Each structure stands twice: as C-alpha cells, then as structure tokens.
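Thanks for coming, everyone. Please have a look at the structure on the screen, and then I'll walk you through it.

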Amino acid sequence: MDKIIDYKGVEILRNEHVALKNVDWQVSGGEFVYLLGKVGSGKSSLLKTVYAEVPIADGQASVFDFDLTDIRRREIPYLRRRIGIVFQDFQLLTDRTAWANLDFVLRATGWGNRDEREARIDNVLRQVGMETKAAKMPHELSGGEQQRIVIARALLNEPGLIIADEPTGNLDPETSGLIIRHLYEISQSTGAAIVVATHNHIFPRQFPGRVLHCERKLLLE
C-alpha cells in the first residue's frame, strides 16, 4: 500500500514549546488508526500538521506526496481537497440546511454542475443514513445527527484520508459508538485511511485498528 502519511524525525511546536518530538509515523491507504492520549498530549497538534494548519518545525513530513516542510500557501487547498476532516464541534453553517451545508462545500471546491452536486450530496447522505434529514437546519438535529452530516461533508470529495479529531467528544456513549462504527464502515467500503484522535480506550476493542499513544511528547506504537 502507498504511504499517505510519512513522517520521519518530526518535531512540532505550539507557542514555541515542543508539543511532540522525534515523530516517526506512516499511514497507508485503508488503515484505521487511533491516536490515544490525554487532553494536551499533542494529538490535535499532530493532526493539524497533516492538513498544514500547524507547521512542521523539524524533520521530514509528507502527505499525499506534498512536502509539508516546504509547502506553499497556494498548494494547501489542493492538499486539503484530498483530506476529509471531522471536527468535534461540528462547524456546520447554522444559517442553512444540512443539504445547503454540503452544497456550499462542493461549490467552494469547484463543482459547477448542479446535477452532479445533487447526485453527490444524495450519495454521501445515504452513506451516513441521513437522507431523510437533508432539509433540516443544524439546530433541528441531535448531536449525533449533526456529526453524521459532518462525516458526509468529509466524504464529499472522495478523500483518500479522513482525519477525525475527537469526533465523539460532545456525544453520549451510545451515539459515540455509532459514529465510530460509521467511520469504520466507511474505511472498509471506500479504502480511505482514517485517523481518529480520542481519549476513549474502549473504541479500539470494539472496532480494531492500529493504536498509537501520544504521551511524554512522543508518539508511541
């Protein structure tokens, strides 16, 4: 399998302090990877380097053959189009329906044909079991339903990599399990690599994957 993420000897700084050091990390297509660690252990900082929101301070790092140590500002949108991101706090636009949230992303990433946009939105809503909720406003959806819309949004451009940063942090235990199950099934059906940052140690027992730990400023397998 081709390596999607390839880090060697990486150091990450936040506010001039070392968040993680000596990071050697590879992720290949189709892998399901957990990043476990306490709040403040560097999980989010690591994930933010993947989509070039946080710079690499030292070492070698590439994602989809983009060199993160030397990436230009104009290249970042092309990198991010290949990555789906699932946020803990949803980040849905509150002034429009679930369907319009997804349409906004497609138009912003160059989908000019309305029929093609409609077909793609219908497809991803079916994938996450939300086809009957397309006309709902975010405030009319439960937390779990909002998170499934966010997963649908992450799938729009058929990414080879999905990053989920504490995707269940605002959800109850039962709903949390359903969200991880959705991500796991998406990995199985699409072949996308999925990296889930969490502090929940139960998920890897329910949905097996590779487990990495962020602790003592290190990434440990």
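Let's start with aromatic rings. This is a predicted model, and it holds four aromatic pairs. Take Phe32 and Tyr34. Their ring centres are 5.3 Å apart and their planes sit at 70 degrees, so this pair is edge-to-face. Planes over 60 degrees apart count as edge-to-face. Phe32 is buried, at 7% relative accessible area. Tyr34 is buried too, at 0% relative accessibility.

Now the pair of Phe32 and Tyr184. Here the centres are 5.0 Å apart, with the planes at 70 degrees, so we call this pair edge-to-face as well. Where do these two residues lie? Phe32 is in strand E3, residues 32-36, and Tyr184 is in helix H6, so the pair ties together parts that are 152 residues apart in sequence.

The mean pLDDT of the chain is 93. 100% of the residues reach 70 or more. Which elements have the lowest and highest mean pLDDT? Helix H6, residues 173-190, has the lowest, at 91. Strand E4, residues 58-63, has the highest, at 97. As a general point, where pLDDT is low, the predicted coordinates should not be read in detail.

Next, a single residue. Ser45 lies in helix H1, which covers residues 43-50. Is Ser45 buried or exposed? Its relative accessible area is 9%, so Ser45 is buried. Buried means under 20%. What does Ser45 touch? Set aside its neighbours within four places in sequence, and Ser45 is in contact with Ile12, Arg14, Ala19 and Val54.

On to helix H3, residues 98-108. Its buried residues are Ala98, Trp99, Asn101, Leu102, Asp103 and Leu106. What covers them? Helix H4, residues 114-127, is part of the cover, and so is H5. After H3 comes Gly110, with a positive phi near 95 degrees.

The largest pocket has a volume of about 550 Å³. It is lined by 21 residues. Closest to its centre are Arg80, Ile83, Ile85, Val105 and Thr109. Which element gives the most to this lining? That is H3, with four residues. Helix H2 (76-80), strand E6 (83-86) and helix H5 (143-155) each supply at least two residues, as does H3. By class, this lining has 12 nonpolar, five polar and four charged residues.

Then the second largest pocket. Its volume is about 180 Å³. Val39, Gly40, Gly42, Lys43, Ser44, Gln88, Asp165, Glu166, Gly169 and His199 form its lining. How does that lining divide by class? One residue is nonpolar, six are polar and three are charged. Bear in mind that Gly counts as polar here.

To recap. H3 is the top contributor to the lining of the largest pocket. The second largest pocket has six polar residues in its lining. That's my tour; over to you.

Note on methods
Residues numbered from 1 in each chain as written. Predicted model: local features only at pLDDT ≥ 70, side-chain atom pairs only at ≥ 80, totals over all residues. Heavy atoms only, no water. 1 Å grid on protein atoms, 1.4 Å probe; cavity = no way out; pocket = protein on both sides within 12 Å on 5 of 7 lines; lining within 4 Å. Points joined across faces, edges and corners; volume = space filled by probe spheres on them. pLDDT = per-residue confidence, 0-100. Phe/Tyr/Trp six-rings, centres within 6.5 Å; stacked < 30°, edge-to-face > 60°. Buried < 20%, exposed > 50% of the residue type's maximum accessible area, 1.4 Å probe, protein only. Contact = heavy atoms within 4.5 Å.
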